[in-house]
Amino acid sequence: MSVTVLYFASLRDAAGVASETLPLPASLPALYAELRARHGFALPAERLRVAVDGDFAAWDSPLRDGCEIAFIPPVSGG
């Protein structure tokens with residue numbers, strides 16, 4: 001059982017990859033905590049948006065095998 005995690009902007013830079021497949025986590029907060037420790041993400045979860053299967057989701061949304069998770073940092077632009 002696994003999920004695909006997509007990274008954008010500064011998270012992609014820190015992870016060094018645009019996506020990766022990982023074992024199905026217990027929760028979104030647990031997944032981000034693991035990834036933050038592994039990749040050295042500077043942003044706390046409170047600063048991110050999360051999407052599951054292409055739709056913005058709450059951090060307590062349930063996960064299922066095969067879902068696609070995107071962590072989206074704040075983006076500056078002009």
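Glu20 is buried, with a relative accessible area of 17%, where buried means under 20% relative accessible area, exposed means over 50%, and partly exposed lies in between (1.4 Å probe, protein chains only). The model is a predicted one, in which local features need pLDDT of at least 70 and side-chain atom pairs count only at pLDDT 80 or more, whereas totals for chains, interfaces and linings use all residues. Residues are numbered from 1 along each chain as its sequence is written, and side-chain values use heavy atoms, with hydrogens and water left out. A search of the whole structure finds 3 salt bridges, a salt bridge being a side-chain nitrogen of Lys or Arg within 4 Å of a carboxyl oxygen of Asp or Glu.

**Salt bridges of Arg38**

- The side chain of Arg38 meets that of Glu20 in a salt bridge, with an N to O distance of 3.5 Å.
- This pair links distant parts of the chain, since Arg38 belongs to helix 2 (residues 28-39) and Glu20 to strand 2 (residues 19-23), 18 residues apart; helices (H or I, at least four residues) and strands (E, at least two) are DSSP runs, numbered from the N terminus.
- Arg38 also forms a salt bridge with Glu34, in which the closest N and O atoms are 2.7 Å apart, and both of these residues lie in helix 2, 4 residues apart, or about one turn of the helix.
- Arg38 counts as partly exposed at 43% relative accessibility, and Glu34 likewise counts as partly exposed, at 40%.

**The pair Arg64 and Asp53**

- A salt bridge joins the side chains of Arg64 and Asp53 at 2.7 Å, N to O.
- Arg64 lies in the loop between strand 4 and strand 5 and Asp53 in the loop between strand 3 (49-52) and strand 4, so the pair ties together parts that are 11 residues apart in sequence.
- Arg64 is partly exposed, with a relative accessible area of 46%, and Asp53 is partly exposed as well, with 35%.

**Shared partners**

**Leu63 and its contacts**

- Leu63 is placed in the loop between strand 4 (55-57) and strand 5 (68-72).
- Not counting residues up to four places away in sequence, Leu63 touches Leu24, Pro25, Ser27, Leu28, Val52 and Ile69, where contact means heavy atoms within 4.5 Å.
- For Ser27, which is 36 residues from Leu63 along the chain, the C-alpha atoms of the two residues are separated by 6.9 Å.
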